[in-house]
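Reader: I would like to learn how to read this model. Please take me through it feature by feature.

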Number of protein chains: 2
Amino acid sequence: MTDGAPVPILHEDPVSGNCYKIRLTAALLGMPIERREYDIMKGETRTPAFLSGVNANGRIPVLQVGTRFLPESNAACWYLADSSALVPADRFDRADMLRWMFFEQYNHEPNVATLRFWMHFVGRDKLTEFQRVQVEPKWMAGTAALKLMDQHLAANDWFVGSAVTLADVALFAYTHVCEDSGCFHLADYPAVRRWIARVEGLPDFVAMKD
Amino acid sequence: MTDGAPVPILHEDPVSGNCYKIRLTAALLGMPIERREYDIMKGETRTPAFLSGVNANGRIPVLQVGTRFLPESNAACWYLADSSALVPADRFDRADMLRWMFFEQYNHEPNVATLRFWMHFVGRDKLTEFQRVQVEPKWMAGTAALKLMDQHLAANDWFVGSAVTLADVALFAYTHVCEDSGCFHLADYPAVRRWIARVEGLPDFVAMKD
């Protein structure tokens, strides 16, 4: 943060991987953030106070900086890490980092994270018919995303360049808990497992449940 | 581009909004790019030459810079526009621009663009059963995305700050052709319509079909 800038406030649910990305980014940067916790399952992000004061969409995470509010987990990570060592200095590498972050939101999160939410938090028996028909396609698409990651990590320690970047932070969040859904098995992705251990071994790493 | 850097090559299908974003970014920057065209409907991005030489995923767009390849449309736009006037100089605004670009890939493109592809290019009669059951949920989610854009644009000329940024470029691509699907009507979103005219009036604007 710039000297004198307000400490950012993270509006979050601690079980959300999207929220965890932002806490992990702040931890790796040694940057203080305040945390305001909400329970999605209890509708705490749908209250009038939340909708009028934080995010009219009722979605978290939202990063508050003074009087401004920033939704979208990967944008919040960028805000915290802008111009730090978590963002590559090389122009192509910087774009390549964003490439993996867009991949995460398009190909990974809607499958790997959604199945975790449905199967682990909502419960298979409580899914709607429309959710139920999506389980298999989301399992296939999530498997494809994990395979692509495994191929890349078989030849590279990190997603971009030779050190951790926001691409690793973004992809780590839901990958390391992908087994929660019962749909994915990390034993099938050995390079991903080694990379998970690499991330967990970083100085200043914080676990999702901390 | 830096002096001496190779002219980027865009591997694209000219009817794809994701590819058009990159052409529009280059045009607004007055930056030369080469174009290599493929027809998705004819499987031209699934040939062995494409899969081994451009993108093992068989997806376009891919931006080639020398011997390196960059998938993900919004990452390619970022590469071209990095440090230009299309990316805000203010730290929060820069993150807020990325916020809208992640919104585009998570909430807008999978609905507005996918319905355009299914209803306009594939044809309603040729949809699979699984695609057919998704038409209504995608119409609802696409409508929510367009409404959120319309609310924002009712109070702001541009998505971030007081000038065009990559957020506008990314969201313009599929919004201005959203009626192709037969599912969305721009008359329902008057602020979006005025913004479309604003984008089309920019110096150096190029149309999707140019």
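Author: Start with one residue and its packing. This is a predicted model. Leaving out residues up to four places away in sequence, Ala167(B) touches Met97(B), Trp100(B), Met101(B), Phe159(B) and Val160(B).

Reader: Which residues touch the most other members of the largest nonpolar core?

Author: Ala167(B) is one of them.

Reader: What confidence does the predictor give chain A, and what scores does the complex get?

Author: Take the residue scale before the complex scores. Chain A has a mean pLDDT of 95, and 98% of its residues reach 70 or more. For the complex, the predictor gives an ipTM of 0.96 and a pTM of 0.96. One caution applies: where pLDDT is low, predicted coordinates should not be read in detail.

Reader: Now the interface. How many residues of chain A are in contact with chain B?

Author: Contact here means C-beta atoms within 7 Å. By that test, 24 residues of chain A meet 24 residues of chain B. On the chain A side, strand S4 (68-71), helix H3 (73-81), helix H4 (91-123) and helix H5 (129-155) each give two or more residues. H4(A) has the largest share, 11 residues. By class, this side of chain A holds 15 nonpolar, 2 polar and 7 charged residues.

Reader: By what turn and shift can chain A be laid on chain B?

Author: Superpose the copies, then read the turn and the shift. Chain A goes onto chain B with an RMSD of 0.0 Å, by a turn of 180 degrees and a shift of 0.0 Å along the axis. The two copies are therefore related as by a two-fold rotation axis. Both copies use the same surface: 100% of the contact residues of chain A recur in chain B.

Reader: Which residue of chain A comes closest to the rotation axis?

Author: Tyr106(A) does, with its C-alpha at 3.0 Å.

Reader: Next, the domains. Which domains does the assignment give for chain A?

Author: Read the bounds, then the contacts. The assignment gives domain 1 (9-81) and domain 2 (91-200). Their centres, taken over C-alpha atoms, are 21 Å apart. Between them, 11 residues of domain 1 of chain A are in contact with 10 residues of domain 2 of chain A. On the domain 1 side, helix H1 (17-29) and H3 of chain A each supply at least two residues. H1(A) gives the most, with 6 residues. The domain 1 side divides into 6 nonpolar, 4 polar and 1 charged.

Reader: Now the backbone. Where is the peptide bond to Pro61(A) placed, and is it cis or trans?

Author: Check omega. From Ile60(A) to Pro61(A) the bond is cis, with omega near 0 degrees. Pro61(A) sits in the loop between helix H2 (48-53) and strand S3 (62-65) of chain A. In chain B, the bond from Ile60(B) to Pro61(B) is cis, with omega near 5 degrees. Pro61(B) lies in the loop between helix H2 (48-53) and strand S3 (62-65) of chain B.

Reader: What is the phi of Ser83(B), and is Ser83(B) buried or exposed?

Author: Look for a positive phi in a residue other than glycine. Ser83(B) has phi near 70 degrees. Ser83(B) is in the loop between helix H3 (73-81) and helix H4 (91-123) of chain B. Ser83(B) counts as exposed because it has 9 C-beta neighbours inside 10 Å, and the cut-off for exposed is 12 or fewer.

Reader: What are phi and the place of Asp204(A)?

Author: Phi of Asp204(A) is near 75 degrees, a positive value. Asp204(A) is in the segment after helix H7 (190-200) of chain A. With 10 C-beta neighbours inside 10 Å, Asp204(A) counts as exposed.

Note on methods. Residues are numbered from 1 along each chain as its sequence is written. Chains are lettered from A and ligands numbered from 1 in the order in which they are written. This is a predicted model: local features need pLDDT of at least 70, side-chain atom pairs count only at pLDDT 80 or more; totals for chains, interfaces and linings use all residues. Two residues are in contact if their C-beta atoms, placed from the backbone, lie within 7 Å. Helices (H or I, at least four residues) and strands (E, at least two) are DSSP runs, numbered from the N terminus. Ala, Val, Leu, Ile, Met, Phe, Trp, Tyr, Cys and Pro count as nonpolar, Asp, Glu, Lys and Arg as charged, and the others, Gly among them, as polar. Domain bounds come from an automatic or database domain assignment. A nonpolar core is a set of buried Ala, Val, Leu, Ile, Met, Phe, Trp, Tyr and Cys residues joined through C-beta atoms within 7 Å. A residue is buried if 20 or more other C-beta atoms lie within 10 Å of its own, exposed if 12 or fewer, and partly exposed in between; C-beta atoms are placed from the backbone. Copies are superposed by least squares on the C-alpha atoms of residues with pLDDT of at least 70 in both. pLDDT is the predictor's confidence in each residue, from 0 to 100.
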